[in-house]
Amino acid sequence: MSAVLRKFPFRLKSSGVPRLGLAFGDYEKILCAPNKNDCPSVRHMSKNHGLYNRNHTKISPRRKTSFGEKQHDSMSMGKGAPSANGVTDMGGNGVHSGKFMKGEVLDCAIDLRTCRPGTEINIPYELTLTESLHEFWQSSFHFQDRIHTSTPFARALGLQDRVFPFSLVLFLTGAMSHEDSAKVQVGFGKCVYHWPVFAGDTVKKIFKVERVRNTSDGNHSIINFKCSLHNQRGRLCMSAEKRLLFEFPVPESNVVIPPDKSETSQLFRDHLLSKSDVMSGMGSHSLIPLQKGSMILHTLSRSITFSQSQQLASLARLTHERHFDVRKYDAKTEIYVPAGLVLGLTISASNRDFHESLNEEIESVSYVHHLHPDDVVSAFSYITNVDENLPGELESISVRTIGVKNIDLNGIEIPMELLQTEKTYTKSVDHICKSLCPKLTNKIIAVVDRKIIRQSNRREVFLL
(Lines give C-alpha, C1' and ligand atoms only; values in the text may rest on other atoms or scores of the structure.)
Protein backbone atom coordinates (compact mmCIF):
# COMPACT_ATOMS: atom_id res chain seq x y z
CA MET A 1 0.00 0.00 0.00
CA SER A 2 2.87 2.36 0.75
CA ALA A 3 4.22 1.90 -2.81
CA VAL A 4 0.89 3.00 -4.24
CA LEU A 5 0.86 6.01 -1.94
CA ARG A 6 4.35 7.04 -2.99
CA LYS A 7 3.59 6.74 -6.70
CA PHE A 8 0.08 8.18 -6.58
CA PRO A 9 -0.09 10.55 -3.60
CA PHE A 10 -3.80 11.11 -2.97
CA ARG A 11 -4.72 14.29 -1.16
CA LEU A 12 -6.95 13.67 1.87
CA LYS A 13 -9.17 15.75 4.06
CA SER A 14 -8.47 15.59 7.80
CA SER A 15 -11.39 13.19 8.05
CA GLY A 16 -9.60 10.74 5.76
CA VAL A 17 -12.04 11.04 2.79
CA PRO A 18 -10.19 11.10 -0.59
CA ARG A 19 -10.44 14.02 -2.99
CA LEU A 20 -11.10 11.86 -6.04
CA GLY A 21 -14.87 11.77 -6.00
CA LEU A 22 -14.71 8.05 -5.22
CA ALA A 23 -16.58 6.25 -2.48
CA PHE A 24 -14.40 5.59 0.56
CA GLY A 25 -14.85 1.85 0.14
CA ASP A 26 -13.52 2.14 -3.43
CA TYR A 27 -10.60 4.19 -2.19
CA GLU A 28 -9.66 1.47 0.27
CA LYS A 29 -9.76 -1.08 -2.57
CA ILE A 30 -7.43 1.13 -4.64
CA LEU A 31 -4.86 1.26 -1.87
CA CYS A 32 -5.10 -2.44 -1.16
CA ALA A 33 -5.09 -3.63 -4.77
CA PRO A 34 -1.90 -5.60 -5.60
CA ASN A 35 -1.92 -4.36 -9.21
CA LYS A 36 -3.86 -2.01 -11.45
CA ASN A 37 -6.08 -4.78 -12.85
CA ASP A 38 -7.46 -5.56 -9.40
CA CYS A 39 -8.57 -1.98 -8.83
CA PRO A 40 -12.39 -1.81 -9.21
CA SER A 41 -12.62 1.97 -9.54
CA VAL A 42 -9.67 2.87 -11.78
CA ARG A 43 -9.03 1.14 -15.14
CA HIS A 44 -5.56 2.45 -15.74
CA MET A 45 -2.86 4.43 -13.97
CA SER A 46 -0.29 5.82 -16.40
CA LYS A 47 3.33 6.53 -15.73
CA ASN A 48 2.77 10.27 -15.81
CA HIS A 49 0.29 9.90 -12.93
CA GLY A 50 -2.72 10.22 -15.22
CA LEU A 51 -5.88 8.58 -13.85
CA TYR A 52 -8.79 7.11 -15.81
CA ASN A 53 -12.23 6.47 -14.36
CA ARG A 54 -14.65 3.65 -15.21
CA ASN A 55 -15.76 5.45 -18.39
CA HIS A 56 -12.14 5.67 -19.60
CA THR A 57 -12.20 9.45 -19.17
CA LYS A 58 -8.85 10.86 -18.18
CA ILE A 59 -8.55 12.74 -14.91
CA SER A 60 -5.94 15.48 -15.23
CA PRO A 61 -2.81 14.97 -13.16
CA ARG A 62 -2.07 17.45 -10.41
CA ARG A 63 0.19 20.39 -11.17
CA LYS A 64 3.01 20.99 -8.70
CA THR A 65 2.69 24.27 -6.86
CA SER A 66 4.69 26.15 -4.29
CA PHE A 67 3.44 27.21 -0.87
CA GLY A 68 0.84 29.96 -1.05
CA GLU A 69 -0.12 29.20 -4.66
CA LYS A 70 -3.61 27.81 -5.20
CA GLN A 71 -4.41 24.85 -7.39
CA HIS A 72 -7.54 25.17 -9.47
CA ASP A 73 -7.83 21.67 -10.86
CA SER A 74 -10.36 19.10 -9.67
CA MET A 75 -7.99 17.62 -7.11
CA SER A 76 -7.23 20.82 -5.14
CA MET A 77 -10.05 21.78 -2.77
CA GLY A 78 -9.29 23.66 0.45
CA LYS A 79 -7.19 22.24 3.27
CA GLY A 80 -4.94 19.30 2.71
CA ALA A 81 -3.35 20.40 -0.61
CA PRO A 82 0.30 19.34 -0.93
CA SER A 83 3.11 21.71 -1.79
CA ALA A 84 6.06 21.13 -4.11
CA ASN A 85 8.14 19.54 -1.38
CA GLY A 86 5.48 16.95 -0.58
CA VAL A 87 4.54 18.38 2.83
CA THR A 88 0.83 18.68 3.32
CA ASP A 89 -0.64 21.64 5.20
CA MET A 90 -3.58 20.42 7.30
CA GLY A 91 -4.83 23.78 8.56
CA GLY A 92 -1.93 24.32 10.97
CA ASN A 93 -2.82 21.32 13.15
CA GLY A 94 -0.30 18.83 11.84
CA VAL A 95 2.29 18.00 9.18
CA HIS A 96 1.99 15.25 6.56
CA SER A 97 5.25 13.85 5.25
CA GLY A 98 3.59 11.83 2.52
CA LYS A 99 3.48 8.58 4.51
CA PHE A 100 2.29 9.43 8.05
CA MET A 101 0.74 12.23 9.97
CA LYS A 102 0.55 13.14 13.65
CA GLY A 103 -2.47 14.96 15.01
CA GLU A 104 -2.43 17.77 17.53
CA VAL A 105 -4.49 17.76 20.73
CA LEU A 106 -6.33 21.01 21.33
CA ASP A 107 -6.25 21.94 25.00
CA CYS A 108 -9.51 23.69 25.89
CA ALA A 109 -8.96 23.51 29.66
CA ILE A 110 -7.99 26.50 31.77
CA ASP A 111 -4.44 26.68 33.11
CA LEU A 112 -5.18 27.22 36.78
CA ARG A 113 -1.51 27.61 37.66
CA THR A 114 -1.86 31.22 36.58
CA CYS A 115 -5.16 31.92 38.35
CA ARG A 116 -5.16 34.01 41.52
CA PRO A 117 -7.92 34.87 44.02
CA GLY A 118 -10.39 37.14 42.28
CA THR A 119 -9.87 35.62 38.83
CA GLU A 120 -13.26 35.32 37.13
CA ILE A 121 -13.98 32.60 34.57
CA ASN A 122 -16.99 33.22 32.34
CA ILE A 123 -18.17 29.93 30.87
CA PRO A 124 -19.34 30.50 27.27
CA TYR A 125 -21.88 27.67 27.22
CA GLU A 126 -25.61 28.22 27.71
CA LEU A 127 -28.14 25.50 28.45
CA THR A 128 -31.91 25.70 28.04
CA LEU A 129 -33.50 23.44 30.63
CA THR A 130 -36.36 21.18 29.63
CA GLU A 131 -39.05 19.12 31.28
CA SER A 132 -37.28 15.99 30.05
CA LEU A 133 -34.18 16.90 32.10
CA HIS A 134 -36.37 17.31 35.17
CA GLU A 135 -38.05 13.96 34.53
CA PHE A 136 -34.72 12.21 33.90
CA TRP A 137 -33.40 13.50 37.22
CA GLN A 138 -36.57 12.38 39.02
CA SER A 139 -36.20 8.92 37.50
CA SER A 140 -32.64 8.63 38.83
CA PHE A 141 -33.08 10.23 42.27
CA HIS A 142 -35.99 9.85 44.65
CA PHE A 143 -37.82 13.12 45.38
CA GLN A 144 -41.51 13.31 46.27
CA ASP A 145 -41.89 16.84 47.64
CA ARG A 146 -44.82 18.56 45.95
CA ILE A 147 -42.86 21.70 45.16
CA HIS A 148 -40.86 19.54 42.71
CA THR A 149 -43.60 17.18 41.53
CA SER A 150 -46.89 19.14 41.51
CA THR A 151 -47.61 22.14 39.29
CA PRO A 152 -50.89 23.05 41.13
CA PHE A 153 -49.05 23.04 44.48
CA ALA A 154 -46.24 25.23 43.11
CA ARG A 155 -48.71 27.69 41.59
CA ALA A 156 -50.62 27.88 44.87
CA LEU A 157 -47.37 29.18 46.38
CA GLY A 158 -47.11 31.88 43.72
CA LEU A 159 -44.58 30.05 41.56
CA GLN A 160 -44.97 29.74 37.79
CA ASP A 161 -44.38 25.98 37.76
CA ARG A 162 -42.83 23.16 39.76
CA VAL A 163 -39.28 23.94 40.79
CA PHE A 164 -36.14 22.06 39.76
CA PRO A 165 -34.77 20.10 42.78
CA PHE A 166 -31.97 21.66 44.81
CA SER A 167 -29.52 18.83 44.04
CA LEU A 168 -30.13 19.10 40.28
CA VAL A 169 -29.54 22.86 40.24
CA LEU A 170 -26.40 22.40 42.37
CA PHE A 171 -25.14 19.75 39.93
CA LEU A 172 -25.60 22.19 37.04
CA THR A 173 -23.98 25.01 39.03
CA GLY A 174 -20.85 23.08 39.95
CA ALA A 175 -20.30 21.25 36.64
CA MET A 176 -17.03 22.63 35.21
CA SER A 177 -16.73 21.93 31.49
CA HIS A 178 -13.54 23.95 31.10
CA GLU A 179 -11.51 22.25 33.81
CA ASP A 180 -10.25 18.71 33.16
CA SER A 181 -7.00 18.62 35.15
CA ALA A 182 -8.50 18.20 38.63
CA LYS A 183 -7.63 14.97 40.40
CA VAL A 184 -10.80 14.91 42.49
CA GLN A 185 -13.45 17.15 44.00
CA VAL A 186 -12.89 17.59 47.73
CA GLY A 187 -16.26 19.07 48.61
CA PHE A 188 -18.70 21.96 48.61
CA GLY A 189 -18.98 24.92 50.93
CA LYS A 190 -22.02 27.14 51.38
CA CYS A 191 -24.65 26.39 48.70
CA VAL A 192 -27.72 28.64 48.50
CA TYR A 193 -30.77 28.36 46.23
CA HIS A 194 -31.41 32.09 45.64
CA TRP A 195 -34.07 32.02 42.92
CA PRO A 196 -36.21 29.13 41.63
CA VAL A 197 -35.25 27.42 38.38
CA PHE A 198 -37.99 26.22 36.03
CA ALA A 199 -38.21 24.24 32.80
CA GLY A 200 -37.68 26.68 29.93
CA ASP A 201 -35.02 28.73 31.72
CA THR A 202 -31.69 29.21 29.97
CA VAL A 203 -28.77 29.17 32.38
CA LYS A 204 -25.08 30.00 32.23
CA LYS A 205 -22.27 29.86 34.78
CA ILE A 206 -19.55 32.06 36.19
CA PHE A 207 -16.67 30.75 38.31
CA LYS A 208 -14.50 32.92 40.52
CA VAL A 209 -11.29 31.78 42.20
CA GLU A 210 -11.69 32.42 45.93
CA ARG A 211 -8.64 30.80 47.47
CA VAL A 212 -5.53 28.86 46.47
CA ARG A 213 -3.34 26.81 48.78
CA ASN A 214 -0.99 23.83 48.71
CA THR A 215 -1.41 20.56 50.57
CA SER A 216 0.95 19.54 53.35
CA ASP A 217 3.03 17.33 51.02
CA GLY A 218 3.74 20.29 48.75
CA ASN A 219 2.89 18.31 45.60
CA HIS A 220 -0.79 19.15 45.31
CA SER A 221 -2.96 22.21 45.54
CA ILE A 222 -6.55 22.90 46.59
CA ILE A 223 -8.40 25.68 44.80
CA ASN A 224 -11.69 27.08 46.08
CA PHE A 225 -14.15 28.38 43.49
CA LYS A 226 -17.31 30.40 43.89
CA CYS A 227 -19.72 28.95 41.33
CA SER A 228 -22.79 30.94 40.34
CA LEU A 229 -25.69 29.99 38.05
CA HIS A 230 -27.66 32.75 36.30
CA ASN A 231 -30.85 32.55 34.27
CA GLN A 232 -31.68 34.29 30.99
CA ARG A 233 -32.66 37.48 32.84
CA GLY A 234 -29.32 37.69 34.63
CA ARG A 235 -30.89 36.64 37.94
CA LEU A 236 -28.60 34.72 40.31
CA CYS A 237 -30.29 31.34 40.86
CA MET A 238 -27.70 29.46 42.92
CA SER A 239 -24.26 30.05 44.37
CA ALA A 240 -21.93 27.37 45.72
CA GLU A 241 -18.39 27.12 47.00
CA LYS A 242 -16.50 24.25 45.39
CA ARG A 243 -13.14 22.75 46.39
CA LEU A 244 -10.96 20.83 43.92
CA LEU A 245 -7.65 18.99 44.35
CA PHE A 246 -5.00 19.38 41.64
CA GLU A 247 -1.79 17.46 41.03
CA PHE A 248 0.48 20.52 40.94
CA PRO A 249 1.58 23.14 43.47
CA VAL A 250 0.64 26.82 43.10
CA PRO A 251 1.94 30.04 44.65
CA GLU A 252 -0.14 30.39 47.80
CA SER A 253 -2.14 33.49 48.60
CA ASN A 254 -3.71 34.87 51.77
CA VAL A 255 -6.12 37.09 49.84
CA VAL A 256 -9.75 36.64 50.91
CA ILE A 257 -12.45 37.52 48.38
CA PRO A 258 -15.53 38.97 50.16
CA PRO A 259 -18.91 37.58 49.07
CA ASP A 260 -20.99 39.55 46.61
CA LYS A 261 -24.16 41.12 48.03
CA SER A 262 -26.32 39.06 45.68
CA GLU A 263 -24.82 35.86 47.17
CA THR A 264 -26.24 36.70 50.60
CA SER A 265 -29.81 37.11 49.36
CA GLN A 266 -32.43 34.50 50.23
CA LEU A 267 -35.28 35.60 47.97
CA PHE A 268 -36.55 32.08 47.28
CA ARG A 269 -36.56 31.10 50.97
CA ASP A 270 -38.18 34.37 52.01
CA HIS A 271 -40.90 33.93 49.41
CA LEU A 272 -41.76 30.47 50.75
CA LEU A 273 -41.86 31.76 54.32
CA SER A 274 -44.30 34.45 53.22
CA LYS A 275 -46.66 31.73 51.97
CA SER A 276 -46.89 29.95 55.33
CA ASP A 277 -50.58 30.82 55.72
CA VAL A 278 -51.35 29.34 52.31
CA MET A 279 -49.58 26.12 53.27
CA SER A 280 -51.39 25.99 56.61
CA GLY A 281 -54.69 26.04 54.73
CA MET A 282 -53.49 23.24 52.46
CA GLY A 283 -52.48 21.04 55.40
CA SER A 284 -49.17 19.45 56.29
CA HIS A 285 -48.01 16.26 54.59
CA SER A 286 -45.08 15.70 56.94
CA LEU A 287 -45.20 12.18 58.27
CA ILE A 288 -43.05 12.13 61.38
CA PRO A 289 -42.09 14.81 63.95
CA LEU A 290 -38.34 15.31 64.24
CA GLN A 291 -36.42 16.02 67.44
CA LYS A 292 -32.93 17.26 68.14
CA GLY A 293 -30.48 14.43 68.83
CA SER A 294 -32.38 11.84 66.79
CA MET A 295 -30.52 9.54 64.39
CA ILE A 296 -32.42 8.14 61.43
CA LEU A 297 -31.44 5.11 59.35
CA HIS A 298 -32.87 5.77 55.90
CA THR A 299 -34.23 2.60 54.35
CA LEU A 300 -34.08 3.72 50.72
CA SER A 301 -31.05 2.31 48.89
CA ARG A 302 -30.31 2.60 45.22
CA SER A 303 -27.46 2.73 42.71
CA ILE A 304 -26.71 4.63 39.55
CA THR A 305 -25.61 2.78 36.43
CA PHE A 306 -22.70 3.69 34.21
CA SER A 307 -25.11 4.66 31.43
CA GLN A 308 -27.07 6.98 33.74
CA SER A 309 -23.85 8.50 35.04
CA GLN A 310 -22.57 9.16 31.51
CA GLN A 311 -25.87 10.61 30.34
CA LEU A 312 -26.25 12.98 33.28
CA ALA A 313 -22.60 14.01 33.07
CA SER A 314 -23.07 14.79 29.38
CA LEU A 315 -26.23 16.80 30.08
CA ALA A 316 -24.23 18.95 32.50
CA ARG A 317 -21.40 19.19 29.91
CA LEU A 318 -18.83 17.42 32.09
CA THR A 319 -15.79 16.24 30.14
CA HIS A 320 -13.44 14.67 32.69
CA GLU A 321 -12.11 11.34 31.44
CA ARG A 322 -12.68 9.67 34.82
CA HIS A 323 -16.42 9.75 34.09
CA PHE A 324 -16.27 8.26 30.59
CA ASP A 325 -13.07 6.58 29.41
CA VAL A 326 -13.44 2.83 30.05
CA ARG A 327 -10.58 2.15 27.63
CA LYS A 328 -8.23 3.88 30.08
CA TYR A 329 -10.00 3.17 33.38
CA ASP A 330 -11.77 0.08 34.68
CA ALA A 331 -15.52 0.67 34.80
CA LYS A 332 -15.97 -1.08 38.15
CA THR A 333 -13.02 0.25 40.13
CA GLU A 334 -11.59 3.33 38.40
CA ILE A 335 -14.53 5.16 36.80
CA TYR A 336 -15.98 7.74 39.20
CA VAL A 337 -19.58 8.86 39.54
CA PRO A 338 -19.50 12.70 39.33
CA ALA A 339 -19.54 14.46 42.70
CA GLY A 340 -22.86 16.18 42.00
CA LEU A 341 -24.51 12.80 41.43
CA VAL A 342 -22.97 11.39 44.63
CA LEU A 343 -24.60 14.27 46.50
CA GLY A 344 -27.87 13.69 44.68
CA LEU A 345 -27.94 10.02 45.73
CA THR A 346 -27.11 10.88 49.35
CA ILE A 347 -29.79 13.57 49.62
CA SER A 348 -32.44 11.54 47.80
CA ALA A 349 -31.86 8.56 50.11
CA SER A 350 -33.02 10.74 53.02
CA ASN A 351 -35.77 12.66 51.22
CA ARG A 352 -38.70 10.46 52.16
CA ASP A 353 -38.00 10.68 55.91
CA PHE A 354 -37.77 14.50 55.78
CA HIS A 355 -40.95 14.90 53.75
CA GLU A 356 -42.24 17.50 53.10
CA SER A 357 -39.20 19.63 52.33
CA LEU A 358 -39.61 23.03 50.71
CA ASN A 359 -36.14 24.53 50.65
CA GLU A 360 -32.64 23.58 51.73
CA GLU A 361 -29.23 25.14 52.12
CA ILE A 362 -25.94 23.29 52.36
CA GLU A 363 -23.36 24.38 54.90
CA SER A 364 -20.68 21.85 53.94
CA VAL A 365 -20.09 18.71 51.89
CA SER A 366 -17.01 16.52 52.27
CA TYR A 367 -16.38 13.72 49.80
CA VAL A 368 -14.62 10.90 51.65
CA HIS A 369 -14.34 7.91 49.28
CA HIS A 370 -15.07 7.48 45.57
CA LEU A 371 -18.35 6.10 44.28
CA HIS A 372 -18.31 3.82 41.25
CA PRO A 373 -21.20 2.93 38.91
CA ASP A 374 -23.58 0.29 40.33
CA ASP A 375 -22.44 0.84 43.94
CA VAL A 376 -25.54 0.80 46.18
CA VAL A 377 -25.93 4.02 48.18
CA SER A 378 -27.81 4.38 51.45
CA ALA A 379 -27.61 6.99 54.21
CA PHE A 380 -28.23 7.88 57.84
CA SER A 381 -28.89 11.30 59.38
CA TYR A 382 -28.33 12.97 62.74
CA ILE A 383 -30.59 15.89 63.72
CA THR A 384 -28.40 18.59 65.27
CA ASN A 385 -31.10 21.22 65.78
CA VAL A 386 -34.82 21.91 65.25
CA ASP A 387 -35.98 25.52 65.00
CA GLU A 388 -39.74 25.99 65.21
CA ASN A 389 -39.61 29.79 65.32
CA LEU A 390 -40.81 30.08 61.76
CA PRO A 391 -44.17 31.37 60.48
CA GLY A 392 -47.16 29.05 60.40
CA GLU A 393 -46.47 25.33 60.53
CA LEU A 394 -42.96 25.54 59.15
CA GLU A 395 -39.76 24.47 60.86
CA SER A 396 -36.05 24.51 60.08
CA ILE A 397 -33.95 21.47 60.89
CA SER A 398 -30.16 21.28 60.91
CA VAL A 399 -29.02 17.82 59.95
CA ARG A 400 -25.90 15.85 59.13
CA THR A 401 -26.53 13.21 56.47
CA ILE A 402 -23.81 10.63 55.82
CA GLY A 403 -23.90 8.63 52.59
CA VAL A 404 -22.46 5.11 52.56
CA LYS A 405 -22.00 2.48 49.86
CA ASN A 406 -22.51 -1.29 49.68
CA ILE A 407 -23.39 -1.83 53.35
CA ASP A 408 -26.46 -2.73 55.40
CA LEU A 409 -26.73 -0.24 58.28
CA ASN A 410 -29.14 -2.30 60.39
CA GLY A 411 -27.62 -3.17 63.76
CA ILE A 412 -24.50 -1.02 63.32
CA GLU A 413 -23.70 1.28 66.25
CA ILE A 414 -22.62 4.65 64.86
CA PRO A 415 -19.95 6.52 66.90
CA MET A 416 -21.12 9.90 68.24
CA GLU A 417 -17.76 11.33 67.25
CA LEU A 418 -18.59 10.66 63.61
CA LEU A 419 -21.95 12.41 64.00
CA GLN A 420 -20.54 15.51 65.71
CA THR A 421 -16.95 16.02 64.51
CA GLU A 422 -16.14 19.20 62.60
CA LYS A 423 -13.22 17.47 60.85
CA THR A 424 -14.94 15.63 58.03
CA TYR A 425 -12.05 15.23 55.62
CA THR A 426 -11.00 11.73 54.54
CA LYS A 427 -8.10 11.18 56.94
CA SER A 428 -10.14 12.15 60.01
CA VAL A 429 -13.23 10.13 59.03
CA ASP A 430 -11.12 7.04 58.26
CA HIS A 431 -9.40 7.31 61.64
CA ILE A 432 -12.76 7.42 63.45
CA CYS A 433 -14.12 4.45 61.50
CA LYS A 434 -11.04 2.26 61.92
CA SER A 435 -10.83 2.85 65.66
CA LEU A 436 -14.53 2.95 66.62
CA CYS A 437 -16.55 1.30 63.84
CA PRO A 438 -14.47 -0.89 61.48
CA LYS A 439 -17.55 -1.91 59.47
CA LEU A 440 -17.76 1.62 58.09
CA THR A 441 -14.12 1.71 56.98
CA ASN A 442 -13.90 2.79 53.31
CA LYS A 443 -17.70 2.79 53.11
CA ILE A 444 -18.47 6.49 53.67
CA ILE A 445 -18.77 8.49 50.46
CA ALA A 446 -20.03 11.88 51.67
CA VAL A 447 -20.72 13.89 54.83
CA VAL A 448 -23.37 16.56 54.24
CA ASP A 449 -24.30 19.31 56.71
CA ARG A 450 -27.43 21.24 55.71
CA LYS A 451 -30.53 23.13 56.80
CA ILE A 452 -33.96 22.09 55.59
CA ILE A 453 -37.16 24.14 55.75
CA ARG A 454 -40.15 21.85 55.82
CA GLN A 455 -43.74 21.60 56.92
CA SER A 456 -43.75 20.37 60.49
CA ASN A 457 -45.75 17.58 62.07
CA ARG A 458 -46.68 19.23 65.34
CA ARG A 459 -48.87 17.53 67.88
CA GLU A 460 -50.50 20.14 70.05
CA VAL A 461 -51.02 19.15 73.70
CA PHE A 462 -54.00 20.61 75.54
CA LEU A 463 -54.09 20.63 79.31
CA LEU A 464 -57.58 20.30 80.84
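The legends below describe close-up views of a predicted model of one protein chain.

Residues are numbered from 1 along each chain as its sequence is written, and side-chain values use heavy atoms, without hydrogens or water. Because the model is predicted, local features need pLDDT of at least 70 and side-chain atom pairs count only at pLDDT 80 or more, while totals for chains, interfaces and linings use all residues.

**View 1. The chain as a whole.**
The chain has twelve helices and 16 strands. Helices (H or I, at least four residues) and strands (E, at least two) are DSSP runs, numbered from the N terminus. Of the 464 residues, 48% are buried. Buried means under 20% relative accessible area, exposed means over 50%, and partly exposed lies in between (1.4 Å probe, protein chains only). Among contacts (heavy atoms within 4.5 Å) with a separation of 6 or more, 72% are between residues 24 or more positions apart.

**View 2. Helix 6 against helix 10.**
Helix 6 covers residues 166-174 and helix 10 covers residues 339-351. Two packed helices are described by the angle between their axes and the distance between the axes. Here the angle is about 170° and the axes are 9 Å apart. Axes are lines fitted to C-alpha atoms, for helices over the stretch in contact, and angles run from 0 to 180 degrees between N-to-C directions. Helix 6 and helix 10 are therefore roughly antiparallel. Angles over 145 degrees count as roughly antiparallel, under 35 as roughly parallel, 65 to 115 as roughly perpendicular and the rest as oblique. Helix 6 contributes Ser167, Leu170 and Phe171 to the contact, and helix 10 contributes Gly340, Leu341, Leu343, Gly344 and Ile347. By type, the contact residues are five nonpolar, three polar and no charged. Ala, Val, Leu, Ile, Met, Phe, Trp, Tyr, Cys and Pro count as nonpolar, Asp, Glu, Lys and Arg as charged, and the others, Gly among them, as polar. Helix 6 is mostly covered, with nine of its nine residues buried.

**View 3. Ile362 and the nonpolar cores.**
In soluble globular proteins, nonpolar side chains tend to be buried together. A nonpolar core is a set of buried Ala, Val, Leu, Ile, Met, Phe, Trp, Tyr and Cys residues joined through side-chain atoms within 4.5 Å. The largest such core has 58 residues, and Leu170, Tyr193, Leu343 and Ile362 have the most contacts inside it. Not counting residues up to four places away in sequence, Ile362 touches several residues, including Phe166, Leu170, Leu343, Ile347 and Val448. A second, separate core of 18 residues includes Phe380, Ile407, Leu409 and Ile432.

**View 4. Helix 12 and Thr421.**
Helix 12 spans residues 426-436, and Ser428, Val429, Asp430, Ile432 and Cys433 in it are buried. The buried residues of helix 12 pack against helix 11 (416-420) and strand 16 (444-455). Thr421 is in the loop between helix 11 and helix 12. Its relative accessibility is 15%, so Thr421 counts as buried. A polar atom of the Thr421 side chain lies 3.1 Å from the backbone nitrogen of Lys423. Leaving out residues up to four places away in sequence, Thr421 touches Arg400, Ser428 and Ile432.

**View 5. The loop between helix 12 and strand 16.**
Both Thr441 and Asn442 lie in this loop. Thr441 has a relative accessibility of 18% and therefore counts as buried, whereas Asn442, at 43%, counts as partly exposed. The Thr441 side chain reaches the backbone oxygen of Pro438 at 2.9 Å. Thr441 also touches Cys433 and Lys434, with residues up to four places away in sequence not counted. Asn442 has a phi near 65°, a positive value in a residue other than glycine.

**View 6. Val250 in its loop.**
Val250 sits in the loop between strand 11 (236-246) and helix 7 (267-274). With 7% relative accessibility, Val250 counts as buried. Val250 and Thr114 are 136 residues apart in sequence, and their C-alpha atoms are 8.3 Å apart in space. Apart from neighbours within four places in sequence, Val250 is in contact with Arg113, Val212, Arg213, Asn214 and Ser221.

**View 7. The loops on either side of helix 10.**
Arg317 is in the loop between helix 9 (306-315) and helix 10. Its phi is near 65°, a positive value in a residue other than glycine. Glu356 is in the loop between helix 10 and strand 13 (357-367). A cis peptide bond, with omega about 15°, joins His355 and Glu356.

How values were computed: Polar contact = N/O pair within 3.5 Å; in protein donor to acceptor, adjacent residues only side chain to side chain.
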